[in-house]
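User: Could you take me through this model strand by strand and helix by helix? I'll jump around a bit as we go.

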Amino acid sequence: MAKNNRQIKDIWLYLYFPLLPLEALLPQLSTEQRQKPIAVIDLQKNTQRVLCCNSQASAWGIEPSLSVSTALALCPELIVLPRQIGSEQDCQQQLALLSYRFTPLVIVHDHVGLWLDIAGCDQLFKGYNNLLGKLETQLQHQGITSVNGIGPNPLAAQLLCQSRFQTELPSDREIQHRLTTTALHQLKTSRKQQQSFKQLGLRTLGDLLALPRTELSRRFDGQLMDSIAQLNNEQPFNAPYFKPANSFRDLIQNPQGLFNKESLLFPMKILLQRLCNYLIARQCHCQEIEWHFEPLIGESRQMRIQLSGSQNSWGNLLMLSRLQLEQLELPGSVEQIILTTDQFVDMPMGMFNLDLFGDSDSAQQSCDLIDSLNARLGIEALSQPVLNQDYLPEQASTLAAPGQHIKTTINDRLKAPQPVWLLTEPAPVQMRNQQLYWHQPLSIISGPERLCGNWWQAEQQRDYYLACDSRGARYWLYRETSSQRWFVHGLFS
Amino acid sequence: MANPETISGLLTRQDTWRGRSQRRSRPVAPTGYSSLNLLLQGGWPTASVTELLPRQFGIGELSLLLPLLKDHSNNSRLCLWLDPPYQPYAPTLAAAGIALERLLVVRSKNPREWLWAAEQSIRSGALLLAWARQQAPRYTDLRKLQLAAADSSNAAFLFSSVSSLAAPSPVALRLELESLQVNKLLLTVRKMRGAAPGAQLQLPLTGPDTQTAQRTHLTQLPADRHYSYEGYSGHSPARLKS
């Protein structure tokens, strides 16, 4: 069987989403409403007709192409929704992104389905059947009903679309057999051509393909000839491949409004899961995500989350968002949640490296800690001491935001001991009876050490001394040579 | 039906007392001072919070931890300083061999944030040095931190004021620090698991040798003499550039 599968050079998968118009609108409905009969309607031949409906509606006898009035007569409590092409397209883009994780060759078919070239993708998933199985689970997870067709070329795959999702790859012979027995009316051609098929007594695709090509080209137009050429793998399929967008923006609308923070978490989770799909497809990491919470009336609130390291799991992102959300004041009800990000970095090679020394684990933990502290306490609460090449102590040691560390060499030209603590502002020292006094009397132990700096601006010349108090604490004092005033600048510890 | 996993889990806990059995050696981290290792039965207890109670800041309380900080930061693990009383001075820390990029200073705005940040950092494997806020942490807060440390087997240090000695504390080790003279600390064990309190140790700190230095009275200061650092005396721009 496996050998048999290998002989197929091209394997195309056609995914068709029969209930997409309905399923794209479901997230806007409340859970209660979803249990009721729902139908999506569209304008067909100047009449509003049912496009698709859920199983509850089918139980009432509602089926596609019924007019709205008939449908409502059959089931008075039917929820009728007008079709929204926009949300269907968004939904389809997400499905394309999801399929992109299975194969790099995805083609979007108008707003009906997707073509996937899965040839050669079996190694990664340990067999085509595994791949199909995983794809089905993923699609079900998204809440999308899907059926598929498998064939040696895109057109054949579309023609062979079954009424269910097949998770087993059919053999070559089976595909050929199915293709020849396909009824001709499934081929998208003009009514006139369908009639001439009938007149010629052609019923299946096999009948048509059995005829000599020259005879056919005399009777039928170029479009059909193109289709036949494509079915025979003689003509390439011309369509642009799907590519993930350069930045991520997604939203969830909630017409009823969300009134508390807890209820925001579920749509946020969905958005983050979509973001993660996007990031996996693009093989990159994001460094920052931004949330917008928009009420119907009034100003929207924003929330920005900085990420220090390789955080790509939606669980982590949700945890960080949640921490920051606790601090945020939200409008009374939120109608729309938007998630955007456009700051990406390539996925570090470390993801694929063998972790020999176990360092990355603790590094990951540190990153997680920094991110959660950032999210809960705010960015300004975190800092790191940074060494600068400067003579003045307050400039030699500064605080910077974490993660922006630059390695500098140690300026060890000072012989005298230096303190561990530095006062943010040098504190003036009083003089009492020829004795230095800061909280308590201080006496000089050693010094001075002269420091000059900043001569290009306002010149500073300081003599640094080591002093201690009666209880053994040591201080770093200096005397400004120009003003002869004393200051405490640091504490030894 | 007793679950053997639960029992073995209980037995590995530090706070499970086992009758008649030999006292298990507890996990420690060496302090870098041999006499202090001896006093603390091996070193700083990991998997627990250590409370350090200096009589005042600046007597050398941080020098005690510098060797541990150096080890920890060079093992590419994060050291988190929560609400330090002053700004850490980078050149000294770098000279002590501490990797500055592994040092994180966190400022909390209220006791709730303080407790949350402390617990998070203990649980995620960072070495925590926390300074108590003006309002000393409550017993339940300390217990929370102690449990977090026991769960994650990480060492954590808390600096509180001596006045909190009057209150009981759930931490495993409480050390009172006072200065005998410059560069010499007197450590008094106020509480230690598995040992009687009251043990004392005089610890000379490795630091600038100021023992021999004479205390100078202000009037005796050498007003005109200056020890300028090497290669640079005076402050002419041309000399400075070289």
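User: What stands opposite Ile41(A) in strand 3 of chain A?

Analyst: In strand 3 of chain A, Val50(A) is the residue opposite Ile41(A). This is a predicted model, in which local features need pLDDT of at least 70 and side-chain atom pairs count only at pLDDT 80 or more, while totals for chains, interfaces and linings use all residues. Residues are numbered from 1 along each chain as its sequence is written, and chains are lettered from A and ligands numbered from 1 in the order in which they are written.

User: In which sense do strand 2 and strand 3 of chain A pair, and over how many bridges?

Analyst: Strand 2 (residues 38-44) and strand 3 (residues 47-53) of chain A run antiparallel, with 6 bridges between them. Strands here are DSSP runs of E with at least two residues, helices are runs of H or I with at least four residues, and both are numbered from the N terminus; two strands pair if DSSP finds at least two bridges between them. Gln44(A) has Thr47(A) as its bridge partner in strand 3 of chain A, and in the hairpin, which has 2 residues between the strands, Lys45(A) takes a positive phi near 50°.

User: And what order do the strands of that sheet take?

Analyst: The sheet of chain A is open and has 3 strands in the order 3-2-4, with mixed pairing. Its edges are strand 3 and strand 4 (79-82) of chain A, each of which pairs on one side only. The twist averages 40° from one strand to the next, where axes are lines fitted to C-alpha atoms, for helices over the stretch in contact, and angles run from 0 to 180 degrees between N-to-C directions.

User: Switching to helices, which residues of helix 6 of chain A are buried?

Analyst: They are Glu88(A), Cys91(A), Gln92(A), Leu95(A), Leu97(A), Leu98(A) and Ser99(A). A residue is buried if 20 or more other C-beta atoms lie within 10 Å of its own, exposed if 12 or fewer, and partly exposed in between, with C-beta atoms placed from the backbone. An α-helix has 3.6 residues a turn, so residues three or four places apart point the same way.

User: What covers those buried residues?

Analyst: The cover over the buried residues of helix 6 of chain A includes strand 1 (12-16), strand 5 (106-109) and strand 6 (113-117), together with helix 2 (20-23), helix 8 (128-141) and helix 15 (261-282), which also belong to chain A. Helix 6 (residues 85-99) has 15 residues and reaches 21 Å from its first C-alpha to its last, close to the 21 Å expected at 1.5 Å a residue, the expected span being 1.5 Å times one less than the number of residues.

User: Why does helix 11 of chain A lie largely in the open?

Analyst: Helix 11 (residues 191-200) of chain A has 10 residues and the number buried is 1, so it lies largely in the open. Just after helix 11, Gly201(A) takes a positive phi of about 75°.

User: Now chain B: which residues of strand 4 are buried on each side?

Analyst: Strand 4 (residues 79-82) of chain B is covered on both faces, with Cys79(B) and Trp81(B) buried on one side and Leu80(B) and Leu82(B) buried on the other. Strand 4 of chain B pairs in the parallel sense with strand 6 (residues 103-106) over 4 bridges, and with strand 7 (residues 127-131), also parallel, over 4 bridges. Leu82(B) has Val106(B) as its bridge partner in strand 6 and Ala130(B) in strand 7.

User: Where is Thr188(B), and what is it in contact with beyond its neighbours within four places in sequence?

Analyst: Thr188(B) is in strand 10 (residues 184-192) of chain B, and its contacts beyond those neighbours are Glu176(B) and Gln200(B), a contact meaning that the C-beta atoms of two residues, placed from the backbone, lie within 7 Å. Glu176(B) is 12 residues from Thr188(B) along the chain, and their C-alpha atoms are separated by 5.1 Å. Thr188(B) is partly exposed, because it has 16 other C-beta atoms within 10 Å.
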